[in-house]
Amino acid sequence: MTTTASQGTIQNYAADFAARADGQPWLDALRREAWAEFERLGFPTARRGNELWKYTDLRRLDAEAFSLNGVSSGGAALDLASVAPWHDDWHTAVVIDGALDLSRTKSSDSAGVTVSDLDDAEGELQSVFSSVARIEGSPFVALNTALFRSGVVVDIAADAEVEQPVHILHVITEAEENRAFYPRALVRSGSGSKATVIESFVNLSTGSQLVVPVFEAPLSENAELTHFRVQLENEKTVHIGTTRSEQPAGAVFNSTTFSTGPAIGRNDVHTNLAAEGAETTLHGLYITNGKAHQDNEISTTHQKPHGTSHQFYKGILAGNSRAVFSGKVIVQPGAMKTLAQQKDLNLLLSHGAEIDTKPSLEIYADDVQCAHGATAGHVDPNMLFYLMSRGVGREEAAKMLVTGFASEIVDEFEPEQLRDFLYAKLDEIIPALDSEGIL
């Protein structure tokens, strides 16, 4: 259940929609359909009878205006390697303030991967685009589809094993006014292919922003796609991200996220195991402090037998921050021999921090192995005392405890340059967590 946005809110976004025209009839028609769906749904601001958004208050979106066409400082002179994970050998797509920067975008056909703008992508897109990230019933997918500026399309050739990752980097530069961004990425994986896609969001603005990204990955049979998502926002931003993937027979989709920063954040992931032998692994680390709020809506649907899914998320909370983990596994009738595991662990560094965690299983088939669990607790003061009694300084001891808890997820990020970047980012965050905590 959602509630219709106020008329003033609709009008704010209607002006941006009126300015959107691509010249591609099928895409213009899809945008109109998406806009109609957003008008019907509005923002999900209801707190009662709205289970998907029960713990996340979005009334701010009705009260605050965000401009699609805001003036930015530009990123021509920006040293990307100093603000984001980076390696010169990676295939890259750089999106600055919502626009694809072709001068910094590169890929290699010989390596089996091409990166292009939606307008220049080869092959038929009409039957694929928004086929996995569907607009029906999803206000933020509908809003993104109606208003996105640059669509990044990544094509992985059949049977290709792409050695270097594809990095889709979204950068928001400084600006005085509130702006809205709708990043869009479509990854098409050919049969038997294997590739890694890194999706990074770096916000250099000190102002209030609305960021509504959509990532969709329709896989082919026996394809394997690994997706790393890095969300680094400022403390005033609303970031509502959607990830959708569908796996046919033998296909594997792995996704690991690192999320920190926003006033309100949402990581909405759904994977559909549509055929026998499909697999998915969804892992993540979320870090909140101050009054930040991070919501994780993670779900997997098993439609056919012999599917395997893993959900494992960890949260580190300090200050008066809030986090939400809503994990769901649905085993449809006939999906025998399903193996599904789900776990959410949370480290509370202050008495003011709060986590709402709700793992759930819906099982409509026999002969399955499914389990779920969740924990939340404070740091054991004896652990801190033990380290300090061995000559470890208090600040270093706190860092060791937090890093040790986070490392199980951070170590999953590959390649090495990405993992090193995240550990350095974690080192930057820990003093703020410690200052608001009880360590």
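Which strands each supply at least two residues of the lining of the largest cavity? They are β5 (166-172) and β8. Strands here are DSSP runs of E with at least two residues, helices are runs of H or I with at least four, and both are numbered from the N terminus.

Some background before I go on. This is a predicted model, in which local features need pLDDT of at least 70, side-chain atom pairs count only at pLDDT 80 or more, and totals for chains, interfaces and linings use all residues. Residues are numbered from 1 along each chain as its sequence is written, and side-chain values use heavy atoms, with hydrogens and water left out.

Back to the cavity. On a 1 Å grid over the protein atoms alone, a cavity is a set of points where a 1.4 Å probe fits but cannot get out; a pocket is an open set with protein on both sides within 12 Å along at least five of seven lines; lining residues have an atom within 4 Å of a point. Points are joined across faces, edges and corners, and volume is the space filled by probe spheres set on them.

Searching the whole structure gives 1 cavity of 30 Å³ or more. The volume of the largest cavity is about 110 Å³. Its lining has 14 residues, with His 170, Val 171, Ile 172, Phe 181 and Pro 183 nearest the centre. By class, that lining has 9 nonpolar, 3 polar and 2 charged residues. Nonpolar means Ala, Val, Leu, Ile, Met, Phe, Trp, Tyr, Cys and Pro; charged means Asp, Glu, Lys and Arg; the others, Gly among them, are polar.

The largest pocket has a volume of about 620 Å³. It is lined by 30 residues, and the closest to its centre are Leu 52, Ser 138, Arg 244, Asp 268 and His 270. Strand β12 gives the largest share of this lining, 5 residues. The classes are 11 nonpolar, 10 polar and 9 charged.

The second largest pocket holds about 320 Å³ of space. Among its 19 lining residues, Lys 194, Thr 196, Thr 226, Phe 228 and Glu 414 lie nearest the centre. Elements giving two or more residues to this lining are β8 (194-203), β11 (224-232), β13 (252-260) and β15 (279-288).
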